[in-house]
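These are my notebook entries on a structure that was new to me. I set down what I looked up, entry by entry.

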Amino acid sequence: MNTTTTAPRPYFLVGAASVLLSGLLSVTWLIVSVSIFFTGIGSLPAGLMGVLLLVPWVMVMRWIARLERRRALAVHGIDTIEPARSVSDKPGFLGWLHTLGLTVISWPFWRSVLHHHLNMFIAFFPSLVFYSGIWALWTSIEASIVVPDARVLAWQPGPVLLILGGALWFLAGLAALTAGVFAERGLARVMLPNGDEALREEVHELSARRQGAVDAAEQERMRIERDLHDGIQPRLVSLAMTLGMAKTKMDQDLDSAKHLVDEAHTEAKAVITDLRQLARGIHPAVLSDRGLDAALSSLAARSAIPVDLNVSVPGRLPREQEAVAYFVIAETLTNITKHSHASRATVLVTVEHEQLYLRVEDDGRGGAMVRRDGVSTGLAGLSDRVRATGGSFEIDSPVGGPTVITAHVPLTTQAQHQPAPTPEEQS
C-alpha cells in the first residue's frame with residue numbers, strides 16, 4: 001500500500017470550487033455513468049453488448065478512484081492510501097481480464113464507485129442553491145436599476161428591499177456551499193481508505209500469518225510425534241527385547257544368542273535409517289548445503305512415480321522460503337503417491353513478480369481438498385505453512401482429475417537474488 005503525503009489545509013475557495021465542480025458533474029457525468037452501468041447490467045443477457053459497456057466503465061472508475069484520492073489530499077488535506085489490489089498471475093490478455101474481474105469483485109472498488117457518485121449527488125443541492133443565489137442577487141440589482149418600481153404580485157418592495165432580498169438569497173447560497181464543503185470532506189474521510197484502515201488490514205494480515213505459523217508448527221509436531229510413536233518407538237522396544245533375550249541365552253545357548261545379536265544389529269541399522277529419514281523430513285541437509293534445486297532433484301529421484309521437474313530460481317533463496325517450497329512439494333508428492341493413483345507428476349518452481357511460484361500437477365483421480373478433521377490434514381498443514389509467509393495456496397482437483405496445486409511464497413527484495421554458494425562455502 002502506498003500512503004500519500006500530508007498536504008496543508010486548503011482555503012475555503014478551493015473546497016467551494018470542488019463542490020461546484022461536483023455539482024456541474026451531477027447534471028452531466030452522473031447521469032451518463034449511471035445510465036451506462038444499468039444499461040450494461042441489463043444487456044448482460046445479450047452477451048457481448050453488456051460487456052462492451054461495462055468493461056470501459058470499470059476502467060474509467062478505476063482511474064476516477066485514483067483521481068478522487070488525489071482530490072481529497074489536494075482539496076481537503078486528507079491522507080489516503082491506495083488499497084491493496086489483487087493481480088492475476090496469468091500472462092497476457094487473459095491475465096488482464098482476470099485482474100479486471102478481481103477488481104470488480106472487490107469491496108474497495110465498489111466503495112470508491114459509491115463515494116464518487118454520492119459526492120456528485122450531494123454536491124448538486126448546495127450548488128443549486130448557490131447558483132440560484134447568484135442569479136437572485138444579479139437579478140435584484142438589475143431590477144433595482146432598470147425597473148425601480150417593479151412589483152412582486154401586488155407588492156412594490158422598492159430598490160433597497162429588492163437588493164436586500166437578493167443579498168439574503170446569495171448568503172443562503174454561500175451557507176449551502178459551506179455545508180457542501182464540509183459534507184464533501186466528511187464523505188471523503190468516511191469512504192476513502194485512510195491510514196487507520198491500512199493499519200487494521202496490516203494487523204489482520206499479521207494475525208493471519210501468526211495463526212498460520214502456529215498451525216503449521218502444530219501440524220509438524222503432530223507428524224513427528226506420530227512418526228516416532230508409530231514407527232521408531234515400537235522398533236526400539238523390539239530391539240530392546242531382542243537384546244534382552246540374547247542376554248539371557250548368552251550362558252546357555254551361545255549360537256542362539258549370537259543369532260539374536262545379529263537380528264538386533266540388523267534392526268538397529270534399520271532404525272538408524274528411519275531416524276535419518278525422519279531427520280531429513282524435518283530439514284534435509286542437502287537443502288541447507290546446496291539449495292532448493294538440488295534438494296528437489298534428490299526428492300524427485302526418490303519418488304515412487306516419475307516426476308518432471310523444472311526449477312528456475314536465481315541462486316539461493318532465503319532459508320524460510322526454501323524450506324516452505326521444499327515441504328510443499330515433498331508433502332504433495334507423498335500425497336500423490338499414496339492417494340491419487342497417478343502415473344506421473346509435473347513440478348514447476350520459478351520466481352515471478354518477487355514471489356516464489358510453485359505448481360504441482362498429477363494425472364490422478366482428483367478429489368483432493370484441505371481437511372481439518374484431525375485425520376487427513378496434510379494439505380491443511382501445507383496451507384498453514386504458506387499462509388505463515390503471507391503467501392497463497394490453492395487446490396484445483398475436480399473428481400476424475402487432474403489435480404493442480406499452486407502456491408505463491410513472497411520473497412524479500414534483499415534475499416531474492418542471493419548468489420549461489422561456492423564449493424568452499426558449501427564445505
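The entries below go from the whole chain to single residues and pairs.

**Entry 1: the whole protein.** I noted at the outset that this is a predicted model. I counted 13 helices and five strands in the protein. I then looked up burial and found that 35% of the 427 residues count as buried. The protein exposes about 24800 Å², and carbon and sulfur atoms supply 64% of that area. For contacts between residues at least 6 apart in sequence, I recorded that 72% join residues at least 24 apart.

**Entry 2: helix H2.** I checked the length of helix H2, which covers residues 29–43. I next asked which residues of H2 are buried. They are Leu 30, Ser 33, Gly 40 and Ser 43. The cover over these buried residues includes helix H1 (12–26), H3 and helix H5 (107–146).

**Entry 3: a nonpolar patch.** I looked for nonpolar side chains on the surface and found a patch formed by Ile 41, Leu 44, Leu 48, Val 51 and Leu 52. Together these residues have about 450 Å² of accessible area. Which helix gives the most to the patch? It is helix H3 (residues 48–76), with three residues. Val 51 lies in helix H3, and I recorded Val 51 as partly exposed because its relative accessibility is 39%.

**Entry 4: salt bridges.** I recalled that side chains of opposite charge can pair when their charged atoms come close. How many salt bridges does the count come to? The count comes to three.

I took Glu 68 and Arg 71 to begin with; their closest N and O atoms are 3.1 Å apart. The two residues are three apart in helix H3, so about one helical turn separates them. I recalled that an α-helix has 3.6 residues a turn, so residues three or four places apart point the same way.

I then turned to Asp 308 and Arg 344, which form a salt bridge with the closest N and O atoms 3.0 Å apart. This pair links distant parts of the chain, 36 residues apart: Asp 308 is in strand E1 (residues 307–312), and Arg 344 is in the loop between H11 and E2. Asp 308 counts as partly exposed at 32% relative accessibility, and Arg 344 counts as partly exposed at 39%.

The remaining entry under this heading is the salt bridge of Glu 361 with Arg 359, whose closest N and O atoms are 2.9 Å apart. Glu 361 is partly exposed, with a relative accessible area of 25%. Arg 359 is partly exposed as well, with a value of 27%.

**Entry 5: a backbone angle.** I recalled that most residues other than glycine have a negative phi. Against that background I looked up His 341, whose phi is near 60°, a positive value in a residue other than glycine. Where is His 341 placed? His 341 is in the loop between helix H11 (319–340) and strand E2 (345–352). I recorded His 341 as exposed because its relative accessible area is 63%.

Terms used. Residues are numbered from 1 along each chain as its sequence is written. This is a predicted model: local features need pLDDT of at least 70, side-chain atom pairs count only at pLDDT 80 or more; totals for chains, interfaces and linings use all residues. Side-chain values use heavy atoms; hydrogens and water are left out. Patches are made of residues with over 30% relative accessible area and no salt bridge: like charges are joined within 9 Å, nonpolar side chains (Val, Leu, Ile, Met, Phe, Trp, Tyr) within 5 Å. Accessible areas come from the Shrake-Rupley method with a 1.4 Å probe; for residues, only the protein chains shown count as cover. A salt bridge is a side-chain nitrogen of Lys or Arg within 4 Å of a carboxyl oxygen of Asp or Glu. Helices (H or I, at least four residues) and strands (E, at least two) are DSSP runs, numbered from the N terminus. Buried means under 20% relative accessible area, exposed over 50%, partly exposed in between (1.4 Å probe, protein chains only). The expected span of a helix is 1.5 Å times one less than its number of residues. Contact means heavy atoms within 4.5 Å.
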